[in-house]
Amino acid sequence: GLASLPFLPFRTSGTPTEDRLGPHLVFAAQAKVPVVRADREQILLALADAGSAVVKLRAWSEEQQTHQETWSYPEVMDDLVAQRRVAADAVKFVAGSMQDALRTSRGFVTVSSTAALEAMAMNRPTLIISDFGVSAEMINLVFEESGCLGTLDDLRSSRLCHANLQWL
């Protein structure tokens, strides 16, 4: 239980230089959390405010998934665009490999995805959104001492962190 995960390269120091970071933030969508549609709207609006953001989907809506999503992010985004609360191109959506999405990113954001570990292993600044709680129900307790918890305001301001080395 105290060893690092074998597929994640261990790093002891260092931060990426700006020229090695890509242009966009990657948000890892989770099917189970947050549960409330308004919370998902707030995430999309904050991503739009942060600029150049992509939502990495586990699968497109017509594809089979392990967990069924009540409010898909593309559906919520379509409604926000229809309500003229956000521009249609403010947030993009991608599927496929998380590693590919992270390779061209400037940072990683999630509510509770274990993909945060991949981002940390790739030395990407990371933000675990805590506005909706840090709890077993939010499936994000593991990140409590990581040094990467932050708010939607942190997201809007692109204030992302590198994980605490002792926590890693």
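Asp79 is partly exposed, because its relative accessibility is 30% and this class lies between buried, under 20% relative accessible area, and exposed, over 50% (1.4 Å probe, protein chains only). Its side chain meets that of Arg37 in a salt bridge, with 2.2 Å from N to O. The pair connects distant parts of the chain, 42 residues apart: Asp79 belongs to helix 2 (residues 73-82) and Arg37 to helix 1 (residues 37-50). Helices here are DSSP runs (H or I, at least four residues), numbered from the N terminus. Arg37 counts as buried because its relative accessibility is 17%.

The model is predicted: local features need pLDDT of at least 70 and side-chain atom pairs count only at pLDDT 80 or more, while totals for chains, interfaces and linings use all residues. Residues are numbered from 1 along each chain as its sequence is written, and side-chain values use heavy atoms, with hydrogens and water left out.

Side chains of opposite charge can pair when their charged atoms come close. A salt bridge is counted when a side-chain nitrogen of Lys or Arg lies within 4 Å of a carboxyl oxygen of Asp or Glu. By this rule there are eight salt bridges. A network of them links Arg37, Glu41, Glu75, Asp79 and Arg85.

Helix 5 (residues 152-156) holds both Asp153 and Arg156, three residues apart, about one turn of the helix. These two form a salt bridge whose closest N and O atoms are 2.9 Å apart. Asp153 is partly exposed at 48% relative accessibility, and Arg156 is partly exposed at 27%.

In a further salt bridge, Asp154 meets Arg159 at 2.8 Å, N to O. Asp154 is buried at 17% relative accessibility, whereas Arg159 is partly exposed at 45%.

Key. Helix = DSSP H or I, 4+ residues; strand = E, 2+ residues; numbered from the N terminus.
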